Amino acid sequence: MMRLPPCGYIAPATLAEATAILRDEGPEAAILAGGTDLLAKMKRRQQRPSTLVGLRRVVGLRGVRGGPRSGLRIGAMTTLAELERHEAVRAHYPGLHQALRSIATPLLRNAGTIGGNLCLDTRCNYYDQSFEWRRAINFCMKCDGDVCWVAPGSDVCLAVASSDAAPVLCAFGARLVLAGPRGERTIEAKDLYRRDGIRFLAKDPAEILAAVLLPPAGRLRSSYSKLRRRGSFDFPVLGVAACLRFDRDVVADARLWLTAVSMAPVQAEEAERALVGRPLTGASIDEAAECAWARAKPVDNTDFTVRWRKEMTRHHVRQALGALTSSVRFA
Amino acid sequence: MARLVKRRVNARPRRRAGILARQAGRRPGPVDPHRRVFLRLHVNGADHTIAVAPHRTLLEILREDLGLTGTKHGCELGECGTCTVLLDGIPVLSCLALGLECDDRPVVTVEGLADGPTPHPLQEAFTELGAAQCGYCTPGILCAAKALLEADPDPNRDAIREALSGNLCRCTGYIKIFEAVELAAKRRREPRAAPSRETLFGRRD
Amino acid sequence: MAATRKVKIGTARRTETIDIRVPETEPPIWDADAKLTVVGGSYPRLDGAAKVTGKARYTFDINRPGMLHGRILRSPHAHARLLAVDVSKAARLAGVKATATFESPTFFAALDETDESGKPVEGAGEKAATGPRRILFAGEEIAAVAALTPDIADDALDLIEVRYEPLPHVVDLEDARKPDAPKVFPDGNQRPATVWSAGDVEAGFREADAVVEATYTTPVALHNALETHGAVAEWQGGKLTVWASTQGVFGVRDDLAKFFKVPSRDVRVISEYLGGGFGAKFGAGVTGVVAALLAKKAGAPVKLMLDRQEENLATGNRPDSVQWLKIGAKRNGALTAIHLRSYGTGGIGGGAGVSGPVRMIYACPNIKTEEQDISTNAGFAMPFRAPGFPQGSFALESTLDEIADRLGLDPLALRKTNYIDRPNKGLMEQYDLAARAIGWERRRPPAENAAAGPIRRGFGMGTATWGMYGGPPADATVTIHSDGRVECICGTQDIGTGTRTAMAVVTAEVLGLKPEQIKVVLGDTATGMYSPASGGSVTLTSILPAIRAAAELARDKLFRAVAPALAAKPEDLEASGGRVRDRVGGRSAAFTAAAARLKSALISAQAARADNYPGVGIESFGAQFAEVEVDTGTGRVRVLRIAAAHDAGRTINRLTAESQVNGGVIMGLSYALLERRVMDAPTGIVMNPNLEDYKIAATLEMPEITPIMMDVYDPANNAGVKGLGEPPVVPTAAAIANAVSNALGVRVRDLPLTPDVILAALARKEQA
């Protein structure tokens, strides 16, 4: 039977308490949000925190405030399912809605939270394995070992960012509220991530992601296209988030972010430039897809072959952008 | 590391994990990994107070401490849906829920789906249409389907597929399950609704 | 004593009457003329209510007073000498009540000799060996503990100290065939080939107008029943009771009796509910033995359930295959020769043969098959729903479609051209039923499909067959109580297919009652009513004839008891519609009133399964047609619809039969598109022993399925029933692969049909 390793548990009532506990407990403590990823990893002995700091009882971390005109403030402990059902998200932030719907399974989305998904552990074929196999290869840099088996010369861990929500929020230019022992600060969503599979979050371990701030929906059009084997369960092997702002029928601003291709979400800047300043057409989409394809350099540490995954970048960029063409004529 | 045998404690709890932080002063220490704490569970309408170690999952507590074996072990890693229960009315995986996180929240398992002696329409439809084949995935699927019908009283086939897309079944091919959910939904509007002839007898030319 | 009986065989479309010799004691055969009122209807499972309320207790749910929890320590090495196992620290851990180590090379020898599971003799040829035990695959059992809680048992495993001497291993099929490969067994990795032939294939190829040859591969698949393997064992004195998640309670009993050297009457095995098996749960297995061993040592009941990872390392699999197939045909499609050469690995087990479909399905005068098992340092194979057939079907049906393409023939027409006709066979009708259901006339040649744009549709088909007689021994008792209660008792197990309900249907037919009025007792060796294991589609074919015979004897006893009250002769009485009726005088009594006339509290009759009747067929057949959509931009396959027409001789319960077909189809679809065990060659460890990375089709992968059950009257037994466990999984992958090929004009010869592989095949086509 797969049982959790013994660990302590505490459920603070305020963010201040929670961050103080995290500071005092040090890196041995782990933040428990929905638990859907962390607890499974603990059972596989990939993570062994001495204490779980449950955020369930922290006041004010759950729920969505605001509206499409003013923007949304989403509490980090809002479950993925709650957010998926939220009318404003569905109607005005379709890219986020699509990303949320594609995460794992409905059962996991009922427990998993937006904060948890944004802080989702990076994944790798050499890390997300049974304890026995990891031991047989002498473990890897990310956990209990020294070498990155994906690229043994690498001094950085190459485990891939696997959050479906992260690229969408990066594309939206969302901001994140981090609460720490010394108070709150707000950062760009994209600045949460570091290109390091181990220290993949640019935040202090004692800081807690408290809220997501979505900008006003305005004339933003968004979509998300995900690659995986099955229609449910599977983590992304590639995810493409697109967020365009139109000025009449011309693309005024374009954001294209990829997930599951690197240690952090990746911005496809050349592809964005190919879209801006012209109407969204088959030709501009093809050009953007080509740029994104050139930019995508997946490494061999997820499901499927590297070659096919790179090939699929074109397709999913086309999918994501193609979904926005119907809304071109809104002006 | 040795731990004490868990036993059922009926006495009134001296303290409970959930409120521990607030009771114990400005900044309490966490619950010791090797100490048991009292946990109050509302399961299928009954209250239980039990002493558990912090790392026990809801699945383990239901089955091992409360003897509610209707909820099944499948993979214990969130990959199959077999251990689905309703927590606050929402279907979640009990293998990935820490018992202490369920303190004071209503839990409904397959044993609690019926309304007293009256089976839930889903239970009736699953029985009638043979949607429970070996039956091992059934408790989890029933819990997921119940939540679906509460959110959407008249789901179409795609909505059913989607709602059950986290529950694996290795026997039925899912078809009888879809049909049973549809029948249960129909019966909530027309209590005497019968399954279609094709559903029962298949296609015979 | 045998008697000659006239029996009408055939289908609804055509029948003929033949003479067959059957034992005199056999009841009238349910042939085409039998007028049955209960059999063939649609009945909910008798245990449905227990299953939807959580009251059904599976082995995992059994709790006994004072029960301990067992855990097994497994080898992390794929090949090693086991030098020393020290459990002293684990034994000293508070709460640990028993430990066991399996250092001796012959520890499981008694089990190896008797195990129905197919696990081969451990270290074949090393039986008498002394010295350290050789570990043959990663996941083999090293030691075990029983403790007060699962957590303590887990912790105790960490305290066991093991010394191994790792040896070179080989897990890859092709690597294992190389001359310098590490030897899994002392005599090498290549087991002797099995050769079968009929006619002269070389002559057949010379006659052919078209010859196609190609090589196909299929992956290792894992059963992954949702309930893992496991047992709860309890000793009382010298007597052992075991609750086991098993497809064969009697096999478990006999294994344990032999292992522990006790008479089998002192072992009771119970399996009332079972969370799936699919062929992986025969025999006590190491799990059952270890549970009983720990229970004996601890003097307390022990529950030992495997976790998902263990399940996928050490409880069985479907071997992979490499199949070279060469087929010749005349211009009209008539086959002239089939030559199959194949090999595959069932790890340290055998069973990689795939020739069944080639030998059984189509008419061909010249057939030769050469099959070989290759040993690797991997978990042993177990029968997996139609062992060998899904693999063989994939290669055979694919090649037949290539022949049809080459000759410009419709694939279905080609199958019909090579039809083996018999009056007692419904396959021709099944072809037509399923073809109509799928809309086969919409099938276009690949060249026309290519005009459809990036998303292409295709159609494909395949034929199912399976031939298992079932047979004796199988015993049953039917008891009628004076208060009208009826019990049908057979020790067999219900693996989920609906055995329990089918037993009630047959009993109810004979006694003129409704199935829900019958109480069925099964899943318990203490009944003394023997049944074979539920594998190979033999359960109903074995037990229902015995049940029917017992029910008839009990009914006749009832008739004799009640006849005076109805002023009738016993032979004029009939039981139907809940009444016992005098066909001559017309008087009748309710069944309960009749039972009340009994001069004893109950009457009981026992009967045994007769031998299969000679001169009739035994195979059940089926035809499956698939419609798919393939995205040429991604290579992704979506199965839109599957039409599956099958027979199980005379259908007993339409509802459960259909579900059996649906379940076979989804398992076949999952095998075609998703499933594959991945082994890491350097470490010899399974990389996906879980349900996240071992992909099983879920609801969103489901196509629309049209199951069509037809009755075929072809009685090899008095109930006219045949098996339906295996056939529905046989041709699904083949039908899907053929549909994909039809859509694309490219043949993908490797399962699973993953999008990357399909896209690569498309790219190769464009280059060519």
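Start by selecting chain C, whose secondary structure comes to 20 helices and 30 strands. Helices (H or I, at least four residues) and strands (E, at least two) are DSSP runs, numbered from the N terminus. You are looking at a predicted model, in which local features need pLDDT of at least 70, side-chain atom pairs count only at pLDDT 80 or more, and totals for chains, interfaces and linings use all residues. Residues are numbered from 1 along each chain as its sequence is written, while chains are lettered from A and ligands numbered from 1 in the order in which they are written.

Of the 768 residues, 64% count as buried. A residue is buried if 20 or more other C-beta atoms lie within 10 Å of its own, exposed if 12 or fewer, and partly exposed in between, with C-beta atoms placed from the backbone.

How many residues does each chain bring to the contact? Chain C gives 58 residues and chain B gives 50; two residues are in contact if their C-beta atoms, placed from the backbone, lie within 7 Å. On the chain C side, select α18 (654–673), one of the elements that supply at least two residues. α18(C) gives the most to this side, with nine residues. By class, the chain C side that touches chain B has 29 nonpolar, 17 polar and 12 charged residues. Here Ala, Val, Leu, Ile, Met, Phe, Trp, Tyr, Cys and Pro count as nonpolar, Asp, Glu, Lys and Arg as charged, and the others, Gly among them, as polar.

Next, bring in chain A, where 21 residues are in contact with 22 residues of chain C. On chain A, α8 (131–136) and α12 each supply at least two residues of that side.

Stay with α12 of chain A (residues 306–325) and select α11 (residues 282–295) too: their axes come within 8 Å and cross at roughly 145 degrees. Axes are lines fitted to C-alpha atoms, for helices over the stretch in contact, and angles run from 0 to 180 degrees between N-to-C directions. Residues of α11(A) in this contact include A:Ile285 and A:Trp293, and those of α12(A) include A:Val317 and A:Leu321.

Between these two helices is a loop that holds A:Phe304. Its phi is near 75 degrees, a positive value in a residue other than glycine. Most residues other than glycine have a negative phi, and most peptide bonds are trans. Is A:Phe304 exposed, partly exposed or buried? A:Phe304 is partly exposed, because 18 other C-beta atoms lie within 10 Å.

Back on chain C, find C:Lys261 in the loop between α7 (249–260) and β13 (267–270). Phi of C:Lys261 is also positive, near 55 degrees. With 7 other C-beta atoms within 10 Å, C:Lys261 is exposed.

Finish with two cis peptide bonds. The bond from C:Pro472 to C:Pro473 is cis, with omega near -5 degrees, and C:Pro473 is in the loop between β18 (455–467) and β19 (475–481). The bond from C:Leu751 to C:Pro752 is cis too, with omega near -10 degrees; look for C:Pro752 in the loop between α19 (732–744) and α20 (755–767).
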